[in-house]
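User: I'm new to this one and would like to learn how to read it. Could you walk me through it, feature by feature?

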Amino acid sequence: MPSVDDMTTAVATTPSNAVPADAGSIIRQLVVDSRYLIVNLPLAVASFAVLIAGFAAGVGTAVTVVGLPILAGALFVSRFFADVERMQIAPVLRQPRVRPI
């Protein structure tokens with residue numbers, strides 16, 4: 001029967017070329033992350049409400065011809081919200097903004 005004594009342990013080591021972050025960059029990143037979270041919470045709530053309403057209206061009227069354009073519109077609105085999110089995440093990740101094709 002296997003036991004805990006038979007397990008191996010791995011020790012994490014810090015690379016020798018790792019440079020510790022200075023206090024200024026940590027504070028700056030904290031401010032950037034906080035701004036991202038504070039600004040995006042209302043945006044996320046609004047986008048969730050709009051997209052759920054659009055999806056529900058589109059599915060509810062899908063038996064008619066009206067539902068399909070509503071669903072397509074909801075997809076375009078979701079793409080818009082995703083673009084806004086990508087634009088605001090770039091400073092947090094410290095990488096350039098990339099929009100998928």
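This is a predicted model: local features need pLDDT of at least 70, side-chain atom pairs count only at pLDDT 80 or more; totals for chains, interfaces and linings use all residues.

User: Which residues of H2 are buried?

Analyst: A handy general idea comes in here: an α-helix has 3.6 residues a turn, so residues three or four places apart point the same way. In H2, the buried residues are Gly67, Ala74, Phe81, Asp83, Val84, Gln88, Ala90 and Val92.

User: How many residues does H2 have, and what span does it reach?

Analyst: H2 covers residues 67–93, which is 27 residues. From its first C-alpha to its last it reaches 38 Å, close to the 39 Å expected at 1.5 Å a residue.

User: Back to the packing. Is Asn40 buried or exposed?

Analyst: To read that, look at the relative accessible area: under 20% counts as buried. Asn40, which lies in helix H1, has a value of 7%, so Asn40 is buried.

User: And what is Asn40 in contact with, leaving aside its neighbours within four places in sequence?

Analyst: Glu85 and Gln88. With Gln88 there's a polar contact too, side chain to side chain, at 3.3 Å. Gln88 is itself one of the buried residues of H2.

User: What about the surface: which residues form a nonpolar patch there?

Analyst: Ile27, Leu30 and Val31 do, and together they have about 290 Å² of accessible area. Take Leu30 as a case: Leu30 is found in helix H1. The cut-off for exposed is over 50%, and Leu30 has a relative accessible area of 52%, so Leu30 is exposed.

User: What comes just after H2?

Analyst: Most residues other than glycine have a negative phi. Arg94, found in the segment after H2, takes a positive phi of about 60°, and Arg94 is a residue other than glycine. Arg94 is also exposed, with a relative accessible area of 56%.

Notes. Residues are numbered from 1 along each chain as its sequence is written. Side-chain values use heavy atoms; hydrogens and water are left out. Helices (H or I, at least four residues) and strands (E, at least two) are DSSP runs, numbered from the N terminus. The expected span of a helix is 1.5 Å times one less than its number of residues. Buried means under 20% relative accessible area, exposed over 50%, partly exposed in between (1.4 Å probe, protein chains only). Patches are made of residues with over 30% relative accessible area and no salt bridge: like charges are joined within 9 Å, nonpolar side chains (Val, Leu, Ile, Met, Phe, Trp, Tyr) within 5 Å. Accessible areas come from the Shrake-Rupley method with a 1.4 Å probe; for residues, only the protein chains shown count as cover. A salt bridge is a side-chain nitrogen of Lys or Arg within 4 Å of a carboxyl oxygen of Asp or Glu. A polar contact is a pair of N or O atoms within 3.5 Å; within protein, one must be able to donate a hydrogen and the other to accept it, and residues adjacent in sequence count only if both atoms are side-chain atoms. Contact means heavy atoms within 4.5 Å.
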